[in-house]
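Welcome! Please take a moment with the sequence and the model, and then we can look at the spaces inside.

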Amino acid sequence: MKNISGIYLLAISILLFSCNQRENKMGDFKLLPQPQEFQITGASSIFHDETLKVIAQNGEALPIINHDILVINENKGKTTLTYEIDANLDTPAEGYTLAISDKQINIIGKDEAGLFYAFKTLEQLVVDAKDQKANLPLCQLKDFPLLAYRSVHLDVKHHLEKTEYYYQLLDKFASYKINGIILEVEDKLKFKRQPIVASEDALSIEEWKKISDYAKDRHIEISPLVQGLGHASFILKHPEYMELRDNPESDWAFNPLDPKTYEVQFDLYLDAMQAFPYGRYLHVGGDEVHTTGRGSKESPLKLQLMWLDKVAKFAEEHGKTPIFWDDMPLKQADVYDPMFKKEMTQEEVDQVWLENEHKLLEFLDIFPKNCIYMRWNYSSPQALGNIKAMQWFTDHDLQVMGATAGQTRWVLMPQEESNMENIRSFAVSSINSGLNGLLLTLWDDDSPHFELYMRGILAFAEYSWIGDRRTKEEIKTAFRQREYGYPLADVNNSFITELETPVAFWKNALLKGNQRNFLPSMENPLEKAVIDFPDKKNIGAWSLANEDRIKSATQVLSQTDSIAKKIEYSRSIALRNDHNLQVYEQVNKLAQYSPKMLLALRDYDQAESRDNIIATASKLKELESEFSTLRKDLEMVYGKTRILTKPDNYILDQDHHVHLANQSINFDWQFYAEMLFFQKLNNELEKEIYMENADPLKK
C-alpha cells in the first residue's frame, strides 16, 4: 500500500511540474525600424509577462519605459535585465546592443539615447511575444541610425488636436526612434509679446513648454517653425498689422524693408523659443513668396536674402540654427524647374545651371552661412536637378537638409501609398550624401485626420534609420503588426492602399472638375462647379453624358463594399489602435456615398413612369437624409482626438493657397461640395415637382 501511494504521489508531482512548465514557443518578430543587425537563433525561456529584475551596471538611471509592456522590479524576478552606457561601444551616436539569452537580457547603450532606444526595441519584442503568446527570442542585436536627425513636421495652423493626443503622439514617435519635431505654430501659440496674433484656442507658452519637456524626456527635441516673409496671413490678416504688408491688398507677405517687420517677427520668435526651449533649430519659413519692398527697386532675390540675413543673425544671437526653405532663391535664379523634371538628363540640368548660376553667385556673399537651406521636394527627390541644387549649397559651404512629405495637398487621406517611394528616395539620397538628417512634412492644408498619416510616418522612421533594406510590402506588413497587432500582419488584411482610389474619386465625383478647394470663392458654384442634373424631358441623356462617371461609380462602390468588410474584420481581430481603424472606416463610408448618389441619379434619369420617377426621387432624398447621419458619425469619430471647430471670433485669412481647412469656422469645409450638391438637388427636384403640378396634360 505504501508503495502504491508513493507511485501515486510521484505521478502527481510530475504532472504538476509539467503543468507549470511553459513550452518555449517561437514567435514572428517584426521590428520597426528594422535594426542594423538582428540574429535570432531560437526561443528563450523568457515569457512576455515575466517580471524582469533590472540591474544598472554602472548606476545609470532607468530610461522612461512603458510599464504596461515591461514588468520590472529592482529586487526580484526570474529573468535578469542588465543595462549600462558605454561611450566606447562600437556604434555611432544613439547606437546600442541588445542580447537575449535563455534567462538573461543585456543592454548596452552608446549614450542615453542609445540606451532609451534599446528599451524601445525590447518593448517591441515583448509586444510581439504577447500578441502571439510566445517567448522572447534568443537573439543578438546591434543597432544605430544612418541619419542623426529624424524629424517630423507637425502643422497646427488650421486646427489643434486635443492636448492629450500630443502626448500620445510623442510616445508613439519615441517608440519608432523619431528624435525631432518641427512644429509649425502660426496662431496656435498664445503669444505674450504680440497677443493679437494668437487664436483664442491657442495653447499657452507654458502648455507648449510642458509638451516640450515631455518630448525631451523621450529624446525628441521640438523646434518651432514661425512662418515669415511669406505665409504671414495669420499675422497680417489683423488690421493692426496691415501697414507691414508688402502689398497693401494682400495679407500674404511682410515688407522686408520695414524695420517694424522684424520687431514683430522677433517677438514671435522669442515667445516660440520660450515655448520650445530644447530645439536646436528655429525654422523661419521664407518659401513661396515674392516681395517688392512696397515697390522698391531692389530685386526679389536681394530682398529675400536681406530678410534672411536679419532673421538668421537673430537666431544665432539666441543660440539657434536657422532653417530656411530654399525654393525662392532657386526660383528667382531660374534653376528651380529641373528639380521636378525627372526626365531631364545631367547634360540638360548642367546647361540650365550654366546659363543661370551667375544670378545666385552675384549674391553669394549675403547667403547666411549659419543657416540650413532646406531643400524640399515631395515628388521627385531623385531628379538630377534636385541633386544638383543640393550639391550647389554644399559646394559653396552652405548647409543643406532635405524635406520629404507624408502629406502634401491630398484631400481626405494621403495617396500614393503614403508617398512611401518618395520618402524612401530622399532618405536614401540623404544617407548616401552624408547629410545630417531629413524632415517629413505633414501639411495641414487640406487637413486629413492625423491618424491617417501613421503609415507614412512609420515608413519615414524606417527609411531614415536604416535606409532601403526592406521592400514596401515588408514595411507595410511591419506597420500592420506594430500598429494593430500580429493578427493583422497578413497581407490579406491590408486595405489602406486600396482605399486611395475611392478617395481620389470622391474628391470630384459630384463636381464638374477639380474644383473642391475653390468652391467658397467661386461666383455661382452651383452652375459652374456642381454636376448638372438629369432633364426629365430628355430621358437617359444624363446617363449617356456621364457614362464614364457612372462606370467609375459602380467600380468604386464595389471597392468600398469590399474595403468595408476588411475594416470590419480588422476591427474584430485588432489588438490595439481601434480608433485608427474607426477613422479609416469613416473615410471609407464617405467615399462610398458619392457613388451611391451618382447611381441614384442614373436611376432617376432613366425612370420613365410617374411611379418610377417618384420612387427614384424619393431615393435621392433618402440619401440626403443618410448624409446627415454619415457626417454626424464622422465628426464623432474624428472628434475623439481632434478639435473640429475654430473659435467663434476667429478671423479667416485671404486663403491665397486655397486651403480647404481654412474655409470655414466649423467643419463645413470638409463637406462643402456635398452641401452645394444637395442645394442644387433640392432646387432641381422642386422644379420638377412644380413643372409636374403646373402641366394640366400630366394630371
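What follows is a short walk through the cavities and then the cysteines.

This is a predicted model, where local features need pLDDT of at least 70, side-chain atom pairs count only at pLDDT 80 or more, and totals for chains, interfaces and linings use all residues. Residues are numbered from 1 along each chain as its sequence is written, and side-chain values use heavy atoms, with hydrogens and water left out.

A cavity is a set of points, on a 1 Å grid over the protein atoms alone, where a 1.4 Å probe fits but cannot get out, and its lining residues have an atom within 4 Å of a point. Points are joined across faces, edges and corners, and the volume is the space filled by probe spheres set on them. Searching the whole structure gives five cavities of 30 Å³ or more.

The largest cavity holds about 140 Å³ of space. Its lining has 13 residues, and H158, S233, W252, D653 and H659 are the closest to its centre.

The second largest cavity holds about 90 Å³. Among its lining residues are L154, D155, Y166 and L169. Two elements, β8 (149-155) and α3 (163-175), each give two or more residues to this lining; helices (H or I, at least four residues) and strands (E, at least two) are DSSP runs numbered from the N terminus.

Finally, the cysteines. The structure has zero disulfides (pairs of cysteine sulfur atoms within 2.5 Å). C139 counts as buried because its relative accessibility is 2%, where buried means under 20% relative accessible area with a 1.4 Å probe and protein chains only. C371 is buried too, at 0%.

Terms used
1 Å grid on protein atoms, 1.4 Å probe; cavity = no way out; pocket = protein on both sides within 12 Å on 5 of 7 lines; lining within 4 Å. Buried < 20%, exposed > 50% of the residue type's maximum accessible area, 1.4 Å probe, protein only.
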